Amino acid sequence: MATAKRITVPIEAQDLVSGTLRRMQRGFQSTQDDVSRLRRSAGDMGQDFVNSARRASESARDLGAQIGRATNEARQMGRTAIGDLFSRARTSAENFRRSVSRADSEVRSMSDAHIRLQADDQISPLIDNISGKISALAAIGGGMVLGGGVSDSLFGSVGDFYTEAARAAPYLSTQERDQALVVNDELYAQAIIPDRAVGARNLADLAPMVSDKSQINDALSSSAKIQYIRPDSGSEEINRALVQASNAFKEAPAQIADSMMYAYQNVGDRQQDLFDTFWEYSPYFASANTDSAQMANFLTKTVQEGAFNFDKPGDFFKETFGVKALNRDDMVNYFISRGSGKNDAQRQAEAFTADINSGNSQQAQGAIAALLGDLASQTRNDLKQSLVLLGSATAEDNSDAILKTYGVAFEKAPDMTGTTDRLVSAQQKADPLTEFKQTQAEMKLQFQDIGGTIMQASIPAMQEFNSLLVENKGSIEAFGSGIATGIENVVGFYKEHTEMINTALMGWRVYLL
């Protein structure tokens with residue numbers, strides 16, 4: 001696993017939120033007070049108009065004078081009261097906007113003034129470019145977890161990686177898990193796996209399946225390389241084939257991988273059943289004292305001779321050498337078909353199955369060799385009948401191919417060691433971006449290791465943010481409610497006094513003109 005430089009992360013915290021909220025509330029209260037004074041002045045203005053009208057009606061002689069005074073009063077009011085009130089209202093609104101702007105700047109600067117991560121290389125603040133809206137305060141905590149405005153290269157997939165890596169903990173010791181994760185990082189650095197979290201997930205899936213924990217690293221590497229070669233195959237089918245065949249043949253996972261990839265290299269996987277064939281039939285090949293290379297060679301040769309998949313040859317071997325060869329009654333029928341009398345056939349079957357089931361590999365191999373020799377001595381017609389008798393319908397399913405390859409599993413197989421690595425190497429050499437992917441992966445390993453350290457070091461800061469949110473929750477909610485109430489009051493006042501306000505404004509306009 002990539003190693004990052006130890007980082008010392010002091011945390012500086014200062015509650016700027018509460019003070020900002022109080023200043024914003026005072027600005028809002030000032031605006032409300034100005035609006036209230038506007039309402040009172042407008043009411044006084046309306047009352048003056050009424051009194052003037054009454055005085056005008058009392059004496060026609062003073063009508064002109066009263067109108068003149070009313071005009072003078074309206075002009076004076078336009079010059080002083082209304083102009084002053086609207087000017088102060090505009091000023092208060094502007095002050096309010098400036099207060100909000102200052103609050104926005106202060107919230108934006110919280111990464112510097114409230115929570116700042118300092119290190120030898122002056123790592124950028126954890127929180128950067130946060131919206132100044134009060135409703136976005138909750139997002140600050142989430143931004144800390146995700147890394148805020150810092151590049152995803154530091155924090156991308158880090159959480160998923162640790163989550164998947166933790167899943168392997170119940171099945172592996174700390175040392176075994178740490179070593180496997182180092183292998184996982186090496187596979188990532190080689191661009192064999194697309195993501196560290198994907199590799200850690202594969203490790204978690206393999207851990208309970210592998211009984212010999214000393215082979216977990218080999219199983220993880222082999223599984224990853226097969227998936228690189230065969231991206232269309234699922235990790236589940238690959239892993240169960242690796243583990244099952246490894247347990248059956250008592251071979252290392254890398255050796256099983258080489259055998260399976262040898263078959264794939266030579267004949268492909270026409271019905272996508274290569275891995276399931278190793279998973280299902282490897283115990284029968286192992287019980288017949290063959291190894292994974294012999295199994296792969298038998299499957300390959302049978303497909304080359306005309307079998308249309310891997311499953312049918314595997315099924316034939318199971319029926320012929322893995323099940324019926326262990327059953328005395330079935331072998332009695334075989335020996336009778338070869339011309340033996342019933343009593344002789346029973347004695348021959350007894351001796352044959354005794355050798356097969358003795359547990360002695362030499363005796364078992366001798367019995368199989370005798371059977372193969374008898375099959376090889378038969379004519380084509382007799383051979384077909386014998387194979388059908390021994391393998392039931394499975395011999396027919398393989399057409400004439402099985403007539404040529406029924407004994408291949410017991411022959412010496414080609415050396416398949418290194419097949420998987422050679423296929424991976426050839427594929428990477430043909431990809432012009434392999435070096436780019438590897439370099440990019442190495443950089444991401446360093447970044448993500450640093451990011452994981454920062455995330456763990458940020459826990460005290462996150463707790464502090466949570467405390468601030470709890471402490472100021474009431475103020476935040478009250479501020480939001482106050483804004484809504486203030487707007488409703490202004491709109492309601494205008495609706496209630498629309499005519500009066502419009503008249504006053506018209507008078508002011510006439511005066512100005």
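User: Which residues in H13 meet H14?
Analyst: This is a predicted model, and in it Phe-298, Leu-299 and Thr-302 are the H13 residues at that contact. On the H14 side they meet Pro-313, Gly-314, Phe-316 and Phe-317.

User: And how do those residues divide into nonpolar, polar and charged?
Analyst: Five are nonpolar, two are polar and no charged ones take part.

User: At what angle do the two helices pack, and how far apart are their axes?
Analyst: H13 covers residues 292-304 and H14 covers 311-323. They pack at about 120 degrees, and their axes are 9 Å apart.

User: Switching topic: which residues touch the most other members of the largest nonpolar core?
Analyst: Met-260, Phe-278, Phe-298 and Leu-375, out of 81 residues in that core. Phe-298 is also one of the H13 residues that meet H14.

User: What does Leu-375 touch?
Analyst: Leaving out residues up to four places away in sequence, Leu-375 contacts Tyr-334, Leu-383, Ser-386, Leu-387, Leu-390 and Tyr-406.

User: Last one, Ser-221. Buried or exposed?
Analyst: Ser-221 counts as buried because its relative accessible area is 13%, and the cut-off is under 20%.

User: Where is Ser-221, and what does it touch?
Analyst: Ser-221 lies in helix H9, residues 216-229. Beyond residues up to four places away in sequence, Ser-221 touches Val-183 and Leu-187.

Note on methods
Residues are numbered from 1 along each chain as its sequence is written. This is a predicted model: local features need pLDDT of at least 70, side-chain atom pairs count only at pLDDT 80 or more; totals for chains, interfaces and linings use all residues. Side-chain values use heavy atoms; hydrogens and water are left out. A nonpolar core is a set of buried Ala, Val, Leu, Ile, Met, Phe, Trp, Tyr and Cys residues joined through side-chain atoms within 4.5 Å. Buried means under 20% relative accessible area, exposed over 50%, partly exposed in between (1.4 Å probe, protein chains only). Contact means heavy atoms within 4.5 Å. Helices (H or I, at least four residues) and strands (E, at least two) are DSSP runs, numbered from the N terminus. Axes are lines fitted to C-alpha atoms, for helices over the stretch in contact, and angles run from 0 to 180 degrees between N-to-C directions. Ala, Val, Leu, Ile, Met, Phe, Trp, Tyr, Cys and Pro count as nonpolar, Asp, Glu, Lys and Arg as charged, and the others, Gly among them, as polar.
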